[in-house]
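Hi there,

Here is the structure I promised to pass on. Have a look at it, and then read my notes below.

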Amino acid sequence: FDQNSDGAIDRGEFIPCASEWIAPLKHPRSAFLAIDVQNDFISGPLNISSFPAGHNGKDVVEPINQVLRTVHFGNVYFAMDYHPANHSSFIENVHLRELDPSSEVSAANAKVFDTVVFKGPPKETQKLWPRHCVQGTWGSDLHKDLILPNGTVRIFKGTKDDVDSYSAFWDNNKLSETALNALLRKDGVTNVYIAGLAYDVCVRASALDALKLGYNTILIDDCSRGLDPAGIEATRKSVLENHGLVVNSTEVKDMV
Ligand code: VGL
Ligand code: ZN
C-alpha cells in the first residue's frame, strides 16, 4: 500500500490488497496440470527419445498416474498440443507461407529444428518440428494408460494454423490465450502442480507462465521428460529463480 504525500498510510488501499492474499492463505487450492502426454511425443514423429537427453516420454505415465492415485486434486487439466494439418510449426508446411526477408534460413534449405521467420502479419519466429499432434489423429491422443480422474478438463493449444503455442496458457506471441487461466481463477486455484512433456519446451513455457500469472507453481521433476539436458537444467533454474518449486513426486502428497 501507498503512503500519502504527508507520509500517512492510506488504509483504503490496504483492504483490497489484504483480500488478495489472506483468502489464498486461508484457502489454498491445488490443481494438477499435465502437459502434452500424447502419443506423438512418446512413439510418433516427435518422440522425445530421439533427442540428446535420451529420455523416453512413456516414463512419465506411471509416475503421473501414481500422483493422481495418491493425491486428490480438485482440479485436473490435461493440456494437449492440437495442431491443424497446415500448422506453421511443421517442416512439411514451410513452403505454405512466405518467409520474412530477415529469416536466415530459406524454405529450400530449412531442416527440422531450424528457426525461420514468417512474414505474417504478424511476423512470426518459428522453430520447425516434424509433423505432430494433428487434430483428430492417433498421434494427438493422450497416452492410453493415463488415469484421467472424473472432471478432468482437456486444454487444447496450438490450434491456430499460423502460431505455435508451447504454453498451456498463451500462444508463443501472447496474442491469444486458452481457457486455462480463467478456469483456474474461477475455482480459486492458488497452487499449480505441473508435469509432462517436453520438460524444456512446453512444460517450461507453461510453468513460467503459471508463475507470471501469480500461481504458486510446483514442477514435478520425475513426472517430466525433456529433449536436452542443458535445457532441462535451465528450466529448473528458471522456475526456482521465479520463486517456483521443483519437487519429486513423492513429496507432493505432503504438500497438497
Ligand atoms: C512440444 C515441440 C512442438 C512440446 C510441442 O509439447 O513440448 N514441443 N510442439
Ligand atoms: Zn507442437
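Helices (H or I, at least four residues) and strands (E, at least two) are DSSP runs, numbered from the N terminus. The model is predicted, so local features need pLDDT of at least 70 and side-chain atom pairs count only at pLDDT 80 or more, while totals for chains, interfaces and linings use all residues. Residues are numbered from 1 along each chain as its sequence is written, and chains are lettered from A and ligands numbered from 1 in the order in which they are written.

Let me begin with the backbone. In general, most residues other than glycine have a negative phi, and most peptide bonds are trans.

His-243 sits in the loop between helix H6 (229-241) and strand E8 (245-247), and its phi is positive, about 70°, although it is not a glycine. His-243 is exposed, because 9 other C-beta atoms lie within 10 Å (buried means 20 or more other C-beta atoms within 10 Å of its own, exposed 12 or fewer, partly exposed in between, with C-beta atoms placed from the backbone).

Lys-174 also has a positive phi, near 55°; its loop runs between strand E5 (153-157) and helix H4 (180-186).

Now the cis peptide bonds. One joins Gly-120 and Pro-121, with omega about 5°, and Pro-121 lies in the loop between E3 and E4. Another runs from Leu-197 to Ala-198, with omega near -20°.

Best wishes
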